[in-house]
Amino acid sequence: MNGTPGTSVRGTFGIAWLVLALLAAPLLARAETSMQQVEGLWAYTGLTSSGGKSMPLTGIFLFRDGSFIQQAVFNGEPYYKQSAMAHSGPYSAIEGGVHLVAQQTLSLSPANPLASHGVTEHDLVVTRDDDGLTLVFGSGTVQTLRRIGDAADAKIVALEHGMLALVDEHFLVVSGDDSYAVTGYGRYRQQGDRYFIEVIRWAETDGAETISVRDAVITATFDGKTLRLPGGRVLKVGADS
């Protein structure tokens, strides 16, 4: 043997790194696949609680470039008495799914106008079947969705306390803290800074009273810095945007 001890050590480390790289490659591939699977604009088709209870709802879920926005109102009549939930924040890949960091975790209802749970984190197991998506939360909750857009044209704007998205002809907003919440979505058309939103589901509160809207048209203005909504609500773009 003519090799020096240093050469032998370097060779051993080289082999070790190669083995680690070979072992890591499938994990990275699966993580990348999960990011591809969730990307798009999705409409809810169902939700089953961790206890196995079906909880019909109408809502939307956007995954795009590491940012997500979710809003939904549970089905039932009278509509104004139904609860709503909304989340927004970043997401990243994990093996077999995605990790969500919900910077806004908002629940709204007439009985309890606003519950803001601050930052929450969730690991989701992801299953994609053509245009269908199943998300299984660590709690056991199962959400099913149908893809309604690829979100390739998505414009996502960080607000001071949430996010605004314009994507596949849909307007989405989730903004709130422990004093207020504005959440909702619908199809829109734009004229300059004005947005005419055909609301599908909308719920907002000032912390004392909850207002729920559906099947209506509201007008908002957005100049790139400030979103102005009916009722005088003003949402400002975040400092880092």
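The structure is a predicted model, in which local features need pLDDT of at least 70, side-chain atom pairs count only at pLDDT 80 or more, and totals for chains, interfaces and linings use all residues. Residues are numbered from 1 along each chain as its sequence is written, and side-chain values use heavy atoms, with hydrogens and water left out.

The chain contains 1 helix and 19 strands; helices (H or I, at least four residues) and strands (E, at least two) are DSSP runs, numbered from the N terminus. Of its 241 residues, 43% are buried, where buried stands for under 20% relative accessible area, exposed for over 50%, and partly exposed for values in between (1.4 Å probe, protein chains only). A contact is taken as heavy atoms within 4.5 Å. Among contacts between residues at least 6 apart in sequence, 46% join residues at least 24 apart.

The largest pocket holds about 310 Å³ of space. Pockets and cavities are found on a 1 Å grid over the protein atoms alone: a cavity is a set of points where a 1.4 Å probe fits but cannot get out, whereas a pocket is an open set with protein on both sides within 12 Å along at least five of seven lines, and lining residues have an atom within 4 Å of a point. Grid points are joined across faces, edges and corners, and the volume is the space filled by probe spheres set on the points. The largest pocket is lined by 21 residues, of which Met85, His87, His122, Phe137 and Gln143 are the closest to its centre. Strands β1 (40-48), β3 (67-74), β4 (84-94), β5 (97-102) and β8 (120-129) each give at least two residues to this lining, and the largest share, 4 residues, is from β8. By type, the lining has 10 nonpolar, 9 polar and 2 charged residues; Ala, Val, Leu, Ile, Met, Phe, Trp, Tyr, Cys and Pro count as nonpolar, Asp, Glu, Lys and Arg as charged, and the others, Gly among them, as polar.

His87 belongs to strand β4 and is buried, at a relative accessible area of 17%. Its side chain makes a polar contact with the side chain of Gln70 at 2.7 Å. Such a contact is a pair of N or O atoms within 3.5 Å; within protein, one must be able to donate a hydrogen and the other to accept it, and residues adjacent in sequence count only if both atoms are side-chain atoms. Apart from neighbours within four places in sequence, His87 is in contact with Phe68, Ile69, Gln70, Ala102, Gln104, Thr105 and Val174.

Two strands are said to pair if DSSP finds at least two bridges between them. Strand β5 pairs with β4 in the antiparallel sense over 4 bridges, with Tyr91 opposite Leu100 of β5. The hairpin of β4 and β5 has 2 residues between the strands, and Gly96 in this hairpin takes a positive phi near 80 degrees. Strand β5 also runs antiparallel to β8, to which 6 bridges join it; here His99 stands opposite Asp123 in β8. Because 5 of the 6 residues of β5 are buried, this strand is largely enclosed by the rest of the structure.

Strand β12 (residues 162-167) is mostly covered, with 6 of its 6 residues buried. In a regular strand the side chains alternate between the two faces of the sheet. In β12, Gly162, Leu164 and Leu166 point one way and Met163, Ala165 and Val167 the other way, and all are buried. Strand β11 (residues 155-159) is joined to β12 by 5 bridges in an antiparallel arrangement, and Lys155 has Leu166 as its bridge partner. Strand β13 (residues 170-176) pairs with β12, also antiparallel, over 6 bridges, and Val173 in β13 stands opposite Leu164. The hairpin of β12 and β13 has 2 residues between the strands, and Asp168 in the turn has a positive phi of about 45 degrees.

Most residues other than glycine have a negative phi, and most peptide bonds are trans. Glu77 and Pro78 are joined by a cis peptide bond with omega of about -5 degrees, and Pro78 is placed in the loop between β3 and β4. Ala151 has a positive phi near 65 degrees; this residue is in the loop between β10 (142-149) and β11 and is buried at 0% relative accessibility. Asp215 has a positive phi near 50 degrees and lies in the loop between β16 (210-213) and β17 (216-222), where its relative accessibility of 67% counts as exposed.
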